[in-house]
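Hi,

Here is the structure I promised to pass on. Have a look at it first, and then read my notes below.

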Number of protein chains: 2
Amino acid sequence: MAPNPHSEVPLRPEPIEAKIIDGKKISEEIKIELREQIKEWMQQENVRAPQLTCILVGEDSASQVYVKNKMKAANDVGIKSETINLPKTISEDELIQIIERLNDDNSVDGILVQLPLPDHIDDKKICNIVSCEKDVDGFNSTNLGRLSQDLNTMVPCTPLGVQELLKKYDIETFGKTAVVVGRSAHVGKPIQSLLQSDGRHEISGMDCTTIMCHRFTPPEKLKKFCREADIIIVAVGKPNLIREDMIKPGACVIDVGITRIYDEETKKSKLVGDVDFENVKKVAGLITPVPGGVGPMTVCMLMKNTFTAAKRLAKLRKEKLIK
Amino acid sequence: MAPNPHSEVPLRPEPIEAKIIDGKKISEEIKIELREQIKEWMQQENVRAPQLTCILVGEDSASQVYVKNKMKAANDVGIKSETINLPKTISEDELIQIIERLNDDNSVDGILVQLPLPDHIDDKKICNIVSCEKDVDGFNSTNLGRLSQDLNTMVPCTPLGVQELLKKYDIETFGKTAVVVGRSAHVGKPIQSLLQSDGRHEISGMDCTTIMCHRFTPPEKLKKFCREADIIIVAVGKPNLIREDMIKPGACVIDVGITRIYDEETKKSKLVGDVDFENVKKVAGLITPVPGGVGPMTVCMLMKNTFTAAKRLAKLRKEKLIK
């Protein structure tokens, strides 16, 4: 049908922009739900509030802010929390002893060691001292192994937050193609595990075909694979790595990257992700902003993990399987 | 230059066939090396021979053959071995007690529980009772987690055998694209971990871009991704899944599948892989046969893992870190 030049209907539709995935809103909703669930659980089971203990070594200001945010979120949902501040001169052995004491402490449900640790302390060793049951960060090798086996486990918070966003926005994953960019042990690889997990196994499987790209993926291959993807998840820390010509129209783009840059326009610093948001949103079907996308979900999932840990431990204590 | 019709040089070259990756030969070579290394180590360190203990529950005839082959290979390389035969009526608790006794037994270096176990026993639970140090099958969640973190660990035997074949045949992996078909916890996923491992980490990284396909990858996508791959590794158990039109000319094709089929021609049963070998070898650059490809490597890598376990345990005993 020929367009009517007198009609007010535009000759071609305006470019359709991607739906913005509002991680801030979702995380607030989940926190309200969690608050209710925790309250109800405490009443029904006649138990104390879940307890999260953070260990903060040294005085890194970014770490201090992160821990403060976690304490605030805990308070919001009705989780009791405390921070153990330790000097950056603490020895590895002393730190191990403190964690072992918390492992045995009946009043603690979740233990979080804020990373990074000082250079003389081995991060991975320390994360493995935290008992599997209290490992609310999910960084323990055994919990990561269970994740790779599609077994119920404590899933690291950022990957869990990404999965939650996909669920909340009804993104179909079964048989779809997902590209993960960035193969970190705590973000990229656990996300890959969740995406390729088998729906017939213990955890709720997403059954995607997954493609893992990283710094040694040739740029033309990265572009090609991204253009094949129904879902793209980027966790690298390289602003504008993902551009609009790399996106299949309608794809879902989740940006986990966070980099602080200087903004020439406002003369202030600002946070950006790995995706060229303004241009990619013209092609993608759904997209997370930075900030306000994945970020708020991470802290929220820490609360969810702490509640999960508290429930499991309370059950074990009730069954007298642990003291 | 116009071809000379009188020359004996053919107008077009004969189809170049893939180089056959000879797993049988490589595994024999490695066993000879291992035999020497074990002998030398025993003399230098003044220690007893490595000891592998297999647990065989029930009387499954295939399992009996597998265990017998493992015992034979152990004998070939100078590893002492024994098989503990248990009735299929054994309870899970009894089996756990036997494994715990072996964990504490100073004279045992490697413990292998032959799978599958009877239905009333939980395979994964049992594999996690075997101590990380003696877990020569690499099926323990902690060891699988360490693998996903690119940390030194006991790698499952078949994935380790695949990696060894790629190394022995000088297959370049850095920045290459590898497709893994089949997402099993003991084969497909550990192979994916090795292929995408970071060369800057603890284990020798292969730095491939990896694509994980599985039963829910649409056939046209499987074909497309395989055609992109420099390396294809198939571990599904579906004869002729991978055909010649799915292969990039010159690609390396590793076939982990094993299925017993009835051969109409010979009127006998025979073993086949997941790859249409006769046709794929006309396109691929390198290819493993079935049998004689990955199969012999698996048993050989079990011997390598047992020696690795024996060396580590001897070192720990020497340092009096364990009894």
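How many salt bridges does the structure hold over all chains? There are 46 of them, where a salt bridge is a side-chain nitrogen of Lys or Arg within 4 Å of a carboxyl oxygen of Asp or Glu.

Before the rest, some housekeeping. This is a predicted model, in which local features need pLDDT of at least 70 and side-chain atom pairs count only at pLDDT 80 or more, while totals for chains, interfaces and linings use all residues. Residues are numbered from 1 along each chain as its sequence is written, chains are lettered from A and ligands numbered from 1 in the order in which they are written, and side-chain values use heavy atoms, with hydrogens and water left out.

One salt bridge inside chain A joins A:Arg48 to A:Asp109, at 2.8 Å from N to O. That pair links distant parts of the chain, 61 residues apart: A:Arg48 lies in the loop between α1 (23–45) and β2 (51–57), and A:Asp109 in the loop between α3 (92–104) and β4 (110–113). (Helices, H or I with at least four residues, and strands, E with at least two, are DSSP runs numbered from the N terminus.)

Now to where the chains meet. On each side, 38 residues are in contact, meaning heavy atoms within 4.5 Å. Together the chains bury about 3,400 Å², 45% of it on carbon and sulfur atoms; this is the accessible area (1.4 Å probe) that two parts lose on being put together, summed over both. In chain B, the residues that lose the most area to chain A are B:Gln149, B:Gln196 and B:Phe216, together 17% of what that side buries.

The rule finds 10 salt bridges across this interface. One of them pairs A:Glu228 with B:Lys221, whose closest N and O atoms are 2.9 Å apart. From chain B, α5 (141–148), α7 (188–195), β6 (209–213) and α8 (219–228) each supply at least two residues to the side that touches chain A, and α5(B) gives the most, with 6 residues.

The β6 strands also meet: β6 of chain A and β6(B) pair in the antiparallel sense over 3 bridges (strands pair if DSSP finds at least two bridges between them). There, A:Ile211 has B:Ile211 as its bridge partner.

The same surface serves both copies, as 100% of the contact residues of chain B recur in chain A.

Cheers
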